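Trainee: I would like to learn how to read a model like this one. Could you take me through it feature by feature?

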Amino acid sequence: MTSDTLAAVEGMAVPALVFVAVNQGSPENLRGWAIQAATDIAFALGILKLVGPRVPH
């Protein structure tokens, strides 16, 4: 596994594990994990839209 792939996997897994650790005692809160994933994706797409034309291929 390359370091980029490992970083991508860790970037998805670590925030999810932190969320589960913080909300472990509350089953109704555990249903909200997808909200943080969706906002992270929206933020990343927004940044790509802003800098996309300036980033070299």
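Mentor: Start with the surface. The accessible surface of the protein is about 5000 Å², and 70% of that belongs to carbon and sulfur atoms. Keep in mind that this is a predicted model.

Trainee: How far does the confidence go, and where is it lowest and highest?

Mentor: As a general point, where pLDDT is low, the predicted coordinates should not be read in detail. Here the mean pLDDT is 80, with 91% of the residues at 70 or more. The lowest confidence is in H3, with a mean of 76, and the highest is in H2, at 85.

Trainee: How many helices and strands does the protein have?

Mentor: There are three helices and zero strands. Along the sequence the pattern reads α-α-α.

Trainee: What do I learn from the radius of gyration?

Mentor: The idea is to set the value beside the one for a compact globule. For 57 residues, such a globule would be near 10 Å, but this protein has 15 Å. The box filled by the C-alpha atoms, taken along the principal axes, is roughly 45 × 30 × 10 Å. Buried residues account for 5% of the 57 residues.

Trainee: What separation in space goes with the 22 residues between Asp4 and Ser26?

Mentor: From C-alpha to C-alpha, Asp4 and Ser26 are 34 Å apart. Asp4 belongs to helix H1.

Trainee: Is Asp4 buried or exposed, and why?

Mentor: The label follows from relative accessibility, and over 50% is called exposed. Asp4 has 62%, so it counts as exposed.

Trainee: Where is Asn23 found, and is Asn23 buried or exposed?

Mentor: Asn23 sits in the loop between helix H1 (3-22) and helix H2 (27-30). The cut-off for buried is under 20%. Asn23 has a relative accessible area of 14%, and is therefore buried. Leaving aside neighbours within four places in sequence, Asn23 is in contact with Asn29 and Leu30.

Trainee: Which residues make the nonpolar surface patch?

Mentor: Phe43, Ile47, Leu50, Val51 and Val55 make a patch of about 470 Å². One of these residues, Ile47, lies in helix H3 (residues 33-51).

Trainee: Why is Ile47 called partly exposed?

Mentor: That label covers values between the buried and exposed cut-offs. Ile47 is partly exposed because its relative accessible area is 38%.

Conventions:
Residues numbered from 1 in each chain as written. Predicted model: local features only at pLDDT ≥ 70, side-chain atom pairs only at ≥ 80, totals over all residues. Heavy atoms only, no water. Patch = residues over 30% accessible without salt bridge, like charges linked within 9 Å, V, L, I, M, F, W, Y side chains within 5 Å. Areas by Shrake-Rupley, 256 points an atom, 1.4 Å probe, with all protein chains shown as cover. Salt bridge = Lys/Arg side-chain N within 4 Å of Asp/Glu carboxyl O. Helix = DSSP H or I, 4+ residues; strand = E, 2+ residues; numbered from the N terminus. Buried < 20%, exposed > 50% of the residue type's maximum accessible area, 1.4 Å probe, protein only. Contact = heavy atoms within 4.5 Å. Rg over C-alpha atoms; globule rule 2.2 N^0.38 Å. pLDDT = per-residue confidence, 0-100.
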